[in-house]
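I opened a new notebook page for this structure.

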Amino acid sequence: MGINREALKEKIKRMRDPSSRFGDSDLWRPDQEGNLETVRFLDNPFTDDDPFIQLFFHYRIGKGRHILCPRKNWGKTCPICEWAKSIVNNNPEDKELARDLWPKQRFFGVIVDRKDPTLTPKYYGFGQKNYFQLIDKLHNAEYRDYMDPLKGIDVTVKCQKEMGETGKPQMYPTTTFDFSRRDTRLADTDEKIQEILNKIKRIDEIFKPMTVAEIKERLNEWLQWQEGDSLAEGEETRGVNEPEDSFEEDEKEPVSVEEINAEFEKALSESEATA
Ligand SMILES: [Zn+2]
């Protein structure tokens, strides 16, 4: 008793159906298998100079959403960064783990998915390479108005794991953007356009900063749980029960990884100097 098979079937069907991504989630992510998606980027009414928002996250620490790093985002104390530095100081062999825990950069833009009949604006997170491409287009005479609701341009997004040099698929998918050459209106009527634009949310409604105490709690929980669970199980031990609407860490891009490493080495040398 208690098991409602019909309801379960329905639930699984919804999870498999790509249109389930149009649900309540405020975040969008492209299909990861290389199927083409078409989106329209929108200007963010809540930002000044740059329509895209840069945030830094600690990925895969315990259950729940990725953690906004207080240090990288707001120059405050971050228990996870402190801990990452301390484990390396205590044991240099843990450097890889510490590097993995280091905050990673992510950019967010507002889009509507053309397959979504309601055209509800969502935040879409991507890496630095894609960010540069989107900024480049803002400086390109032919494409500069691509976000304009009346004479803008739709963008095709393709996201898939490419073959690495070793002949094996890469661990993280690569995202490519293709800008349509044809101008299109965001929606048929001016009223509908205004309705869509009015629905854009502030990013801080979606990613709420955790307090230092909350971050410490998550970190401690994760550490305790990790001790009881062998690390040999690899990635499984890190990625636990992320909510469906969380975004993936993808696109490990050479530029940002080098930057992370450089920053990490710098932080280490500073903490060694003060030790
Ligand atoms: Zn941090």
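**Entry 1: Thr 156 and its contacts**

I began with Thr 156 and found that it touches Leu 36, Thr 38, Asp 178 and Ser 180, leaving out residues up to four places away in sequence. Two residues count as in contact if their C-beta atoms, placed from the backbone, lie within 7 Å. The C-alpha atoms of Thr 156 and Leu 36 are separated by 6.4 Å, although the two residues are 120 apart along the chain. I located Thr 156 in strand 7, residues 152-160. Helices (H or I, at least four residues) and strands (E, at least two) are DSSP runs, numbered from the N terminus. Thr 156 is partly exposed because 15 other C-beta atoms lie within 10 Å. The scale calls a residue buried at 20 or more other C-beta atoms within 10 Å of its own, exposed at 12 or fewer, and partly exposed in between, with C-beta atoms placed from the backbone.

**Entry 2: Basis of the model**

I noted that this is a predicted model, in which local features need pLDDT of at least 70, side-chain atom pairs count only at pLDDT 80 or more, and totals for chains, interfaces and linings use all residues. Residues are numbered from 1 along each chain as its sequence is written.

**Entry 3: The whole chain**

I recorded 9 helices and 8 strands in the protein chain. Buried residues make up 26% of its 275 residues. Of the contacts between residues at least 6 apart in sequence, 68% join residues at least 24 apart.

**Entry 4: The core**

I looked up the largest nonpolar core, which has 42 residues; Phe 41, Ile 67, Cys 69, Ile 80 and Ile 111 have the most contacts inside it. Strand 5 (residues 104-113) gives the most to this core, with 5 residues. Such a core is a set of buried Ala, Val, Leu, Ile, Met, Phe, Trp, Tyr and Cys residues joined through C-beta atoms within 7 Å. Among the residues that Cys 69 touches are Phe 56, Cys 78, Ile 80 and Pro 103. In helix 3, I found Pro 79, Ile 80, Cys 81, Ala 84, Lys 85 and Val 88 buried.

**Entry 5: Two positive phi values**

Which loop holds Arg 60? I placed Arg 60 between strand 3 (53-58) and strand 4 (67-68). Its phi is near 55°, a positive value in a residue other than glycine. Leu 119, also not a glycine, has a positive phi of about 45°. Leu 119 counts as buried because it has 20 C-beta neighbours inside 10 Å, whereas Arg 60, with 18 other C-beta atoms within 10 Å, is partly exposed.
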